[in-house]
Amino acid sequence: MQGQMMHRPLQIIDMLRYAAQAFGQEGIVSARVEGDLHRQSYVQTLARTAKLAHALTRLGVARGDRVATLAWNGYRHLELYYGVAGMGAVCHTINPRLSHEQLLYIIHHAGDRLLFLDLTFVPLLEALLPDLPEGLRLVILTDRAHMPETRFEALCYEELLAGEPDDFPWPELPEDTASGLCYTSGTTGNPKGALYSHRSTVLHALQVPLCQTASFRAGRRVLPVVPLFHVNAWGLPYTAPLSGMTLVMPGPNLDGPSLFRLMEGEEVFSAWGVPTVWAGLLAEIEAQGRVPRGFADLVVGGSAAPRVMIEAYEAHGVNVSQAWGMTEMSPIGTHGTLPPRYDHASPEERIAAKCCAGRRAFGVEFKVVGDDGRPQPHDGEAVGELYVRGNSVISGYFKNEEATRAAFDDEGWFGTGDVVSVDAEGRLVIRDRAKDLVKSGGEWISSIDLENAALSHPGIAACAVVAMPHPKWDERPVLVAVAAGDARPTLAEIRDHMAEHFAQWQLPDDLIWVEDLPLTATGKVSKLTIRERMAGYVLPELRGDRGDSA
Ligand code: AMP
């Protein structure tokens, strides 16, 4: 028997419409690239989003078209999130930290029709210019007074909006309509696209505040340091308006002192981002001997939060939560709320309970698969690769059948590449990483791509890239190599040789020469053994030199 209930499509624009109605006084504070602080309410944001949708229509954007962004966290970027999706097109957020090669691949693969960029990224666009797709129109996210001289033809965002009506007949879209596109780096080869839908995005936005309860309070302020160009800023562009919180957008300045100033001035209650950023803020907190006024809640994810970081923030009275997730999961899969039985636990017990990757969020199912391919018990002991299933998990990669085939098991579960254990309460502990990637400052570097590029140098016969711990960046890549002859190229030479294919920050920090590489039983390079052999190793920057160890 069917239920007799209405079926209204879940739509992204409805979250902003709701915020404008229910929380009209709340809105967005943005540290702008132009250098000032800008404020607007959700009512104004909805009106400007309507103007944007009119302008996009005038520019010929149709349903399903991809509209790209290269922008920091700010109100104009948020308007694109809602305006593009609201009219039925797809908001494609691009990560400017990727190499030129990867950026060009992504823009071509997505088939972007328009690209909106912050002033900061004009030089980047100029570098990409010769290889951009023909017909890609460019819009700079600023007003006429700040429009720069450029080597490309560009429209001005504020001019586009000016004169357009501040109301838009938002279409009723089927809820499975594509709304957003975000590429994530693969273990090897080109980045892969996660194509979100209105339904997946709204369900994710409803689920997160339900479990991450400490962070969401109407009338409070939340700071997404996690970028809108990477993993949808963990859903905050949706969850904040939906729960009546004002978004404080940091723009490009993410160093400790800048964040401290912004948080203090705006009385930020909750802040979200990767450990690298919180290490910088912690240094400033310790220098000042206090936290920014009003700051009480920190959500850390993207990489494991070190125990000392959790302890330090908690000692300053800030509640720390760890969350785990993936671009492919919209992205949140766990939350950091402790079960009620911890309410009266000692600080040590609470901290120990926080030193894991969080507990399973509603809407995401976990399956731990052992080496033998069998599901493992959720007993906190058994280890295996984590597979996930849920309404906000991708069902395939955008126009990439090969990557899709590799990512799912026969029952349709998505393989995360994280090696984990899960206990009976859904607590997730990340034990290892099956995917051969280095995570530096919350961004990925493919070990395999680095190895292939290094191997194309005639001085290297065999090599492996391993992740080594770094207090600020979490991990940095180190190249372990066997020389092809007597002449050993320097690290600088190898980096120059590889530079064409990578962003500077992706290149290895050190080069270690070895006689041979250890192999596994199946003849693969054993990175586990290399890492074991490198126990106690210290990166060049930390020991005060420039690399090239013997
Ligand atoms: P991304 O798609 O870039 O967000 O990367 C997702 C991956 O980041 C996960 O599969 C994990 O390997 C890693 N990750 C995310 N959150 C955490 C966390 N709290 N602890 C450890 N690793 C994490």
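The following dialogue discusses how to read selected features of a predicted model.

Me: Which conventions apply to this predicted model?

Reply: Residues are numbered from 1 along each chain as its sequence is written, and side-chain values use heavy atoms, with hydrogens and water left out. As the model is predicted, local features need pLDDT of at least 70 and side-chain atom pairs count only at pLDDT 80 or more, while totals for chains, interfaces and linings use all residues.

Me: What secondary structure does the chain have, and how compact is it?

Reply: Helices (H or I, at least four residues) and strands (E, at least two) are DSSP runs, numbered from the N terminus. The chain has 17 helices and 25 strands. Its radius of gyration, taken over C-alpha atoms, is 24 Å, close to the 24 Å that the globule rule (2.2 Å times the number of residues to the power 0.38) gives for 550 residues, so the chain is as compact as a globular protein of that length. The C-alpha trace spans about 70 × 60 × 60 Å along its principal axes.

Me: How is the chain divided into domains?

Reply: Domain bounds come from an automatic or database domain assignment. Domain 1 covers 14–354 and domain 2 covers 438–543; their centres, taken over C-alpha atoms, are separated by 32 Å.

Me: How should I read the interface of domain 1 and domain 2?

Reply: The size of an interface is often given as the accessible area lost when the parts come together. Here buried area (the accessible area, 1.4 Å probe, that two parts lose on being put together, summed over both) is about 1,400 Å² between domain 1 and domain 2, with 42% of it on carbon and sulfur atoms. On the side of domain 1, R97, E101 and T276 lose the most area to domain 2, together 33% of what that side buries. In terms of contact (heavy atoms within 4.5 Å), 19 residues of domain 1 touch 18 residues of domain 2.

Me: What salt bridges are found?

Reply: Side chains of opposite charge can pair when their charged atoms come close. The rule requires a side-chain nitrogen of Lys or Arg within 4 Å of a carboxyl oxygen of Asp or Glu, and the count comes to 31 salt bridges. Across the interface of domain 1 and domain 2 the rule finds 1. R97 and E443 form a salt bridge at 2.8 Å, N to O. E158 and R76 form another, with their closest N and O atoms 2.8 Å apart. That pair links helix α6 (residues 157–161) to helix α3 (residues 75–86), the two residues being 82 residues apart.

Me: Where does the backbone show a cis peptide bond or a positive phi?

Reply: Most residues other than glycine have a negative phi, and most peptide bonds are trans. A cis peptide bond joins S330 and P331, with omega about 10 degrees; P331 lies in the loop between β14 (319–323) and β15 (334–335). A233 has a positive phi, near 50 degrees, and is found in the loop between β10 (221–224) and α8 (236–242).
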